[in-house]
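Please keep the sequence and the structure in view while reading.

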Amino acid sequence: MYLTDMDFINAKISAVGKMNTSHIIAYILEEDIKSPKKLAMEKGEKYYNAEHDSLFKDYNVTTLDETEEIGGKEINTRHKFKNPNRSNHHNIDPFHKILVDQKVSYMVGKEPTITVKGSDKDSTLKEYENVVTDFADERFNEIIQDLVRGASNKGFEALHVYYDEKGQLKYCVVPACEIIPIYDTRYQEELVEVIRYYQIKVVKEGREYIRRKVEWWDKEGVTYYTEKEENIFLEDGKKAPHWWDINLINNVEKRRTPHSWGCVPFVILDNNHSKMTDLHPIKGLIDAYDMISSEGTNNFLDLVDMYWVIQGYGGETASTIAKKLQINKAVNISDPSGNVEAKQVNLPINERIEFLKMLRRDIYHFGMGIDIDDERFGTAPSGISLQFRYANLKHKCENMTPRLKRAIKKFLWFFTDDYNRKNNTSYDASLINITLNYSQIANDAETVDIITKSEGIISRKTQLEHHPFIIDVNEELKQLEIEEKQSIEKYSHMHFKEGDE
C-alpha cells in the first residue's frame with residue numbers, strides 16, 4: 001500500500017473518529033496488511049520460493065456432477081469424490097524464479113559503471129570518482145541485486161541507510177512487506193515519511209505472544225512504538241534524530257549531538273510504473289502448467305497397461321480372476337454367452353505435450369524472458385539474431401532501468417553526504433552518472449571485431465562496457481591507467497639511456 005499526505009489525513013478521520021495515534025497506527029497497519037499490493041507481494045515471494053498454489057490441490061478428489069430426482073423434479077447436484085488409491089503427486093515448475101533470476105542477472109549481473117561528470121578534466125572530480133567506485137564494491141552490487149530481485153517479486157523494494165553504534169555508515173534491504181511509503185500529495189513523487197512495522201516475540205507470565213514494533217520515519221527523525229496489547233501501540237520514548245554524533249573522552253560520553261539527513265533515510269525501487277509484480281501477468285499460466293503436468297504424472301503413476309472386460313463369469317472376486325489370468329493366461333467361462341476381452345489403455349500424451357508447449361511459450365512471452373531450452377536458441381548465433389531473442393527481456397528491464405539508476409544515485413547521495421562530513425570535502429552527488437552493464441549471450445568474436453573497428457569513434461569507457469571479457473569497467477579503467485603510466489616510465493627511461501650513449 002502506498003500512502004500520500006491526504007491518505008494520512010483520511011486515516012485520522014476514519015479511525016472511528018479518534019485522533020489517538022495508537023488508533024491511527026492500528027488502522028493503517030490493518031488496511032496495509034489486507035491491501036491487494038501486500039497480498040500480491042506475498043504471492044510473488046511464495047512463487048519465487050516454489051511455493052505454488054497447486055501444492056494445495058488434492059488430486060485424490062474429483063468433483064462429480066449427478067442428476068437426482070427430488071420431489072418429482074430432476075436436480076443437478078455436485079459431489080466431491082475422494083479416491084485414496086489415486087496418486088497425489090505435485091509437479092512444481094518454477095518459471096517465475098527462472099524469469100526473475102534471468103532479469104537480475106541481465107540487469108546487474110555485472111557491476112554498474114559509476115562515473116563523475118568532468119572527472120576526465122578535473123583531478124578533484126577524478127578523486128571523487130575513485131572514492132565512489134571504491135565504495136561500490138561486491139557488497140554494493142549484492143545489495144543492488146537484492147533490490148532488483150525484491151522489486152520484481154513484490155512490486156517495490158526498500159533500502160535503508162543508517163549508522164551503527166561505532167558511527168559507521170551502513171545499509172541494508174528492508175523487505176517491502178514491512179514498509180508503508182508515504183508520498184507528497186501533489187506529485188506523489190517525493191518520499192516524505194515511511195512506516196516500518198515487523199513482528200517480535202514477547203514472553204509475558206510464561207506465555208509467548210506475537211507483538212509488533214513500529215518505526216515512523218520522517219525527514220527529521222524517527223518515532224518508535226511497541227504493541228503492548230493487541231492493536232494498542234505505545235510510544236517508546238521521545239522522537240529520535242536519524243543519528244547521534246557522540247563525543248567521547250577516555251571512552252566516556254561527554255556530549256551527543258542530534259543529526260538528521262533532511263530526507264527520509266530510505267530508497268524505494270519500484271518494479272514498474274504500476275508497481276506490479278513480475279508474477280502478475282503469468283500466474284494463471286504457471287498454475288495451468290503445474291496442474292496439467294501434475295495430472296499427467298498422476299495418470300502415469302496410476303496407469304494400468306491393460307484391463308479385462310469379463311462377461312458371464314460369476315462367483316469369484318476380481319482379484320481371483322486376475323490371479324488366474326496371471327498364472328494360467330486363461331479363465332473358464334461358465335456362461336456360454338460369456339466373453340473375455342482385453343482393453344488397452346491409451347493416454348492423450350501428444351495432446352498434453354503440445355498444450356504444455358503452448359503454455360511454456362506463453363509464460364516466456366508474457367513474462368518477457370528467454371527460453372534457453374528452446375531448440376532454436378542456439379541455431380543462429382549471429383549478433384542480430386541474439387539481439388532479437390533478447391528484445392523482450394531488454395524491454396522489461398528498460399522499464400526498471402531509469403528507476404534503478406535514480407535509486408542508486410539517491411543511495412550514493414547518502415554516502416557522499418557522509419564522506420563530505422567526515423573528510424571535510426564538498427563533493428556533489430548530482431554529478432554521478434550510472435551505466436548498467438547488461439549481460440547477455442553474444443557472439444564474442446563478432447562483438448570484439450565491432451569494438452576494434454570502433455577505435456577512435458567511441459570512447460574507451462564505452463568500448464569496455466560492451467567488451468565480453470570485462471566484468472568491472474571501473475576497475476579495468478584504473479588498471480589501464482596504471483599500465484599506461486608504467487609503460488611511459490619504462491620507455492622514457494629507455495630513451496634517456498639512448499641519449500646518454
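This is a predicted model: local features need pLDDT of at least 70, side-chain atom pairs count only at pLDDT 80 or more; totals for chains, interfaces and linings use all residues.

## A helix across a sheet

Which strands does H11 lie across, and at about what angle does H11 run to E15? Helix H11 lies across E5, E6 and E15, and its direction makes an angle of about 165 degrees with that of E15.

These three strands form an open sheet in the order E6-E5-E15, with antiparallel pairing. Strand E6 (169–174) and strand E15 (266–270) stand at the edges with a single partner strand each, so one side of each is left without a neighbour in the sheet. From one strand to the next the twist averages 20 degrees. Between strand E5 (residues 156–163) and E15 the antiparallel pairing extends over five bridges, and Ala 158 has Ile 268 of E15 as its bridge partner.

## The crossing of H4 and H11

Helix H4 (residues 95–108) and helix H11 (residues 391–423) have axes that come within 10 Å and cross at roughly 60 degrees; the two helices are therefore oblique to each other, and their crossing is right-handed.

On the H4 side the contact is made by Leu 99, Gln 102, Lys 103, Tyr 106, Met 107 and Val 108, while H11 contributes residues including Leu 393, Cys 397, Met 400 and Leu 404. The residues of this contact divide into eight nonpolar, two polar and three charged.

## A hairpin of two strands

Strand E13 (residues 243–249) and strand E14 (residues 252–259) run antiparallel and are joined by seven bridges, with Ile 246 standing opposite Arg 256 in E14. Two residues lie between the strands of this hairpin, in which Asn 250 takes a positive phi near 55 degrees.

Key
Residues are numbered from 1 along each chain as its sequence is written. Side-chain values use heavy atoms; hydrogens and water are left out. Axes are lines fitted to C-alpha atoms, for helices over the stretch in contact, and angles run from 0 to 180 degrees between N-to-C directions. Helices (H or I, at least four residues) and strands (E, at least two) are DSSP runs, numbered from the N terminus. Angles under 35 degrees count as roughly parallel, over 145 as roughly antiparallel, 65 to 115 as roughly perpendicular and the rest as oblique. A crossing is left-handed if the near helix is turned anticlockwise from the far one by less than a right angle, and right-handed if clockwise. Contact means heavy atoms within 4.5 Å. Ala, Val, Leu, Ile, Met, Phe, Trp, Tyr, Cys and Pro count as nonpolar, Asp, Glu, Lys and Arg as charged, and the others, Gly among them, as polar. Two strands pair if DSSP finds at least two bridges between them.
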